[in-house]
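Subject: Structure for you, with notes

Hi,

Here is the structure I promised to pass on.

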Amino acid sequence: MHFERGHLLRWLLAFLLVAPLFASVPAFAAGVEVEGNQRVDSETIESYFTSADPAAVNQGVKALYATGQFSDIKVIREGGQVIIRVSENILINQVAFEGNSKVKTDQLADEIQSKSHGPFSTTIVDADVERLKDLYRRAGEAAANVTYRVVNLPNGRVDVVFHIDEGPKTGVKSIVFVGNHVYSSGKLRDLMQTTEMDWLSFFKNSDVYDPDKLASDLDLIRRFYLKNGYADFRVTGSDARYDPQLKGYVITITLEEGPQYTVASVNIESHIAGVDSAVLRPALRVSPGQIYNGDLVQKTTESITLELGRRGYVFSQVHPRGDRNPATRTVNIVFVVDEGPRVYIERIDIRGNTRTRDYVIRREFDIGEGDPYNKVLIDRAERRLNNLGFFKKVTITNEPGSAPDRVVVVVTVEDQPTGSFSVSGGYSTADGFIGEVAVQETNFMGRGQFARLSVMLGQYAEGVTFSFTEPYFLDRRLAAGFDLFAKNSLVSDYAFYNDFMVGGTLRFGLPVTDEISFSPRYSIYSSTVSIPNTADNPYNDCLYPIPGITPLANGNPAYPVASSLSNCLTNGEASIALKQTQGTTVTSMPGYVLSYNSLDNNKNPTDGFHAELHQDLAGAGGDEHYVRTTGDLHYYHELYSDLDIVGIVHLQGGILNSYGDNQLRIIDNFNMGPSLVRGFAPFGLGPRDISPGVIAAGNPLGGTKYWGASLESDFPIWGLPKEVGLRGGVFADAGALWGYEGATNFPQYQSSSAYGTIPAGESCGQAVVGGTFFGQCGSITVGGDTPEVRASVGVSLIWASPLGPIRFDFAKAILKNPWDQTQIFNFTGGTTF
C-alpha cells in the first residue's frame, strides 16, 4: 500500500508539470479533415481552423488563401465532419523572357509579380502580361504583344516564359494644341521634351509617349505662359490616344491663354508684429511697369522667406497675391507675410537612392530635422535636386509625424547613370584635327563630386587633363577643386613655335546670390617655348643652318645663298623677338572670376545676361610679373518669340600690364583672331613682325589691349524638325588688338657668329646678289600695332548634332590693317560617339 501511494503521487506530480504545456498547444477543430495536400503538412493546415463553426471555417479559408500556397480551397461538410480539400499552388522554378531587345530583362522582371521560387498563379501571370504591355506602352511600343507559356517540371514546379513580340516603334505621331492664339503650336511644341515622330526617329527616343514626361511638359508650358505675363493661363485638358491606323499616339492639349498682364504695383503686406514691410522691399525682384513674370514672383517669395528667417521669424509664410484688373490688363502684386502654423520637421526620410549618399540629398535643403516647416524652402530644395542631374525623378511629399505639430518630409528619388566614356573627334581652323578620349563622372561614388580625365591628341596640340570638384567643401555651399594639365601646342602656319605647358590650378566657387558667384583661384605652371628647326619646319635656320636644307653662299657653310629667290628667310623664319622668348619660365598666379548669370537656359539661352570679370596677378613667385584683366558679356533677347529668333550682343575686352623689371613675353600677350572678329585668321589680328624678308603670317607679336563687340541673330532653319538641330545666323563683328610693349632691338642677333657684323652700306634682311646674305636684322619692325577698328560681317550655320556641336562661319573683313591676316571660312566642331 505504501508503494502504491508513492507511485500515485509521482504520477500526479508529473501531470501537474506537463498540463501547462498542453494548454499552450493550439486547439484544432474536432472533425476537421484535410485532403489534397502534398507539400504542406495536414497539421499546419488544420491549425487555421480552431472551430467547425461556419464563420471560423470561412476565416480559416481566407487565411490559407493569404499564404499564397494554394490555388483552390473547398469546404465539404459530411454530417459532423468538415473536409478541407486543397489544391496547392505550383512553385515557379524560374521566370524567363524571350524576344525583348528594346526593353532590358531587368526592367521586365521588376515590373511583374511572378517571381522565381514563388507560387504560380494563372491570375497573377495574366495580370503580369497586362503589366508588361503597359510597360511597353510607356516605352512607346504600344504595338508590342505579350504572351506566356508554362513548362511543367517534376516535383510540382514550372518555368514561366514570357514571349514578347515588340513590333514596330509606336511613338507620338502628332501633338495638337487647341485654344492657343498668342503662340503658335510650333512654338509650344518646341518647349516640350516630348517630340513628334519624323525621319530622325531612328536616332532619338524623345518621341516616345511617357505620361510622366507629358505632365512635365505641361508644367513647362504653364511656366512659359506665366513668365510672359499670362497670369490667367491654365491647361484645361490633355488627352493621349493611340491611333491604330497611324500606329502612334495623338496628343491633344487644350489651353486657355487669357490676357497678358502688366505689373501696376508691388507691395508687401505684413501681418506679423515687429516686421516692417519696408525692410523687406530690397528682396523684391518685381517692379511696376514690367510684364508679369511668374518666375520673378517665385524668386521674390523665396528671397522674402529667407530674409524673414535671417531676422528670426522662422514660422513666417509668404504668399503672393495677384489682384488682376482684366479691363486694364494690369495686376497688383501683394506679398502677404503671415505667421504660419508652428509645425516642425520631425524627420527627413530619403527613399529610392540606391547610389547617391543621403547627405548629398540632405545638403540641398536650407532647413533640417527639428527646424520649422516651410513649404517655400521645401519647393526650393526639390528644384535644386532636379537640377543636379543625378536623378530621373524627384518628388517631395509629407507624412504625419508622431504629434500634430510634427511632419515627416519624404524625399523619393530614382538614381540615373551619371558616368560617361566618350571618344571625341573634331576639327578647327586653328587647331587642325583633334581627337580626345575622356572619362567623366558627375556623381563620383555617389558623393556628388565631379571627376574627369581626358587625353587629347591633335594635329597642332596634344595633352592630358584631370579635373576634380567637391561642390560642398567643408559641408558648406562652397565648391573647391583642382585641375592638373600638360599640353603641348605644336608649330603651325599661324605661329612658328612650340609651347609645352605643365601645371595645375586650385580653385574655389562661392555663390554670393542666385545670379552672382565669386571664384578665387591659384595657378602655377611652367612654359617651355622652342622654335623647331627641321626640314619640315626650318624656322631657325638663319641662325643654325640645316645641312642639305639651308641654301649656302659661295661654298661657305656659314652663310646662306646670295639669291633673292631662295634663302633662310623665304622658307620661313621665326621672329627674333620670338627667339628671344625661347626657354622655360615658371608662372605663379593667383586670381579670381566674378560672374553674373541671369540666363533663362544655360544650354540654349533666349533671354538674360551672362558676364564674367577675370583678373590674374602673376608674380607670387615664379619668373613672370604682370596683371591681366579681362571681361566678357553676353546678352540674349528673343526678338520674335513665335519664330524663335534670338538676338545676341557680345562685348569683350582686356588689358595686360607688366610691373617691376619684367618684360612681357610674346606668349603672355593677347593673341586674337576669329574669337575677337570673325573673318580674321587665328593670331591674325594686331601687332606682328614685318621685318624685311620675314613671313609676317607666322610671326604674330600679340598686344596688351583689346576690345570686341558683336551683334548676332540666330534663327531656326524653317522647314526642318527641331531635332535636326540646325540654326542659321547673321552677324557683324568689330574689335581691335594693339599695344605691343616688348623689345624691338636685339643686338645679340645683329652680330651673330654665323653671319658676322653687317658691313656699312649693306642692309639686313635682304639677299645681295653676287655677295653675302646677312640674314635677319638685329631689330624688328612692328606692323599692325594700332587701335584702329577691324570689322567684318557674315553668316553662320550652327548644328547641334547628336555627335556634338559644329559651327560654320563665313565672314568678310570689311575693315582691316594691311598686315592683318584674314580668312573667309572658319570651322569648329567635335563629336562624341
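Let me start with L474, which is exposed at a relative accessible area of 62% (exposed is over 50%, buried is under 20% and partly exposed is in between, with a 1.4 Å probe and protein chains only). L474 has a positive phi of about 55° even though it is not a glycine. You'll find L474 in the loop between β20 (461–470) and β21 (479–489). For the naming, helices (H or I, at least four residues) and strands (E, at least two) are DSSP runs, numbered from the N terminus.

D644 also has a positive phi, about 60°, and is not a glycine. D644 belongs to the loop between β28 (626–640) and β29 (645–658), and with 17% relative accessibility it counts as buried.

Before I go on, the ground rules: this is a predicted model, where local features need pLDDT of at least 70 and side-chain atom pairs count only at pLDDT 80 or more, while totals for chains, interfaces and linings use all residues. Residues are numbered from 1 along each chain as its sequence is written, and side-chain values use heavy atoms, with hydrogens and water left out.

The overall picture

The protein chain has 13 helices and 36 strands. Of its 833 residues, 42% are buried. Among contacts (heavy atoms within 4.5 Å) with a separation of 6 or more, 60% are between residues 24 or more positions apart.

The loop between β30 and β31

N699 is in the loop between β30 (688–689) and β31 (705–716), and N699 is buried, with a relative accessible area of 2%. What does the side chain of N699 reach at 2.6 Å? The backbone nitrogen of S575. A polar atom of the N699 side chain also lies 3.0 Å from the backbone oxygen of E573. Leaving aside neighbours within four places in sequence, N699 is in contact with F496, E573, A574, S575, R688, D689 and V694.

L701 lies in the loop between β30 and β31 too, and its relative accessible area is 0%, so L701 is buried. With neighbours within four places in sequence set aside, the contacts of L701 include S575, A577, I666, N669, Y740, I780 and V782. L701 and S575 are 126 residues apart in sequence, with their C-alpha atoms 8.8 Å apart in space.

Salt bridges

A search of the whole structure turns up 47 salt bridges (a side-chain nitrogen of Lys or Arg within 4 Å of a carboxyl oxygen of Asp or Glu). A few to click on:

- E98 pairs with R149, with the closest N and O atoms 2.8 Å apart. This pair links distant parts of the chain: E98 is in strand β4 (residues 90–98) and R149 is in strand β6 (residues 145–153), 51 residues apart. E98 is partly exposed at 27%, and R149 is partly exposed at 41%.
- R311 meets E307 at 2.9 Å, N to O. R311 is partly exposed at 44% relative accessibility, whereas E307 is buried at 18%.
- D323 pairs with R321, the closest N and O atoms being 3.3 Å apart. D323 is partly exposed at 31%, as is R321 at 35%.

There is also a network of salt bridges that links E302, E364, D366, R380, R383, R384, R477 and D514.

A helix pair

Two packed helices are described by the angle between their axes and the distance between the axes. The axes of helix α7 (residues 211–227) and helix α9 (residues 294–310) come within 6 Å and cross at roughly 90°. Axes here are lines fitted to C-alpha atoms, for helices over the stretch in contact, and angles run from 0 to 180 degrees between N-to-C directions. That makes α7 and α9 roughly perpendicular to each other (65 to 115 degrees; under 35 is roughly parallel, over 145 roughly antiparallel and the rest oblique). R223, L226 and K227 of α7 make the contact with G294, D295 and Q298 of α9.

Which of these places would you like to go through together?

Cheers

Key
A polar contact is a pair of N or O atoms within 3.5 Å; within protein, one must be able to donate a hydrogen and the other to accept it, and residues adjacent in sequence count only if both atoms are side-chain atoms.
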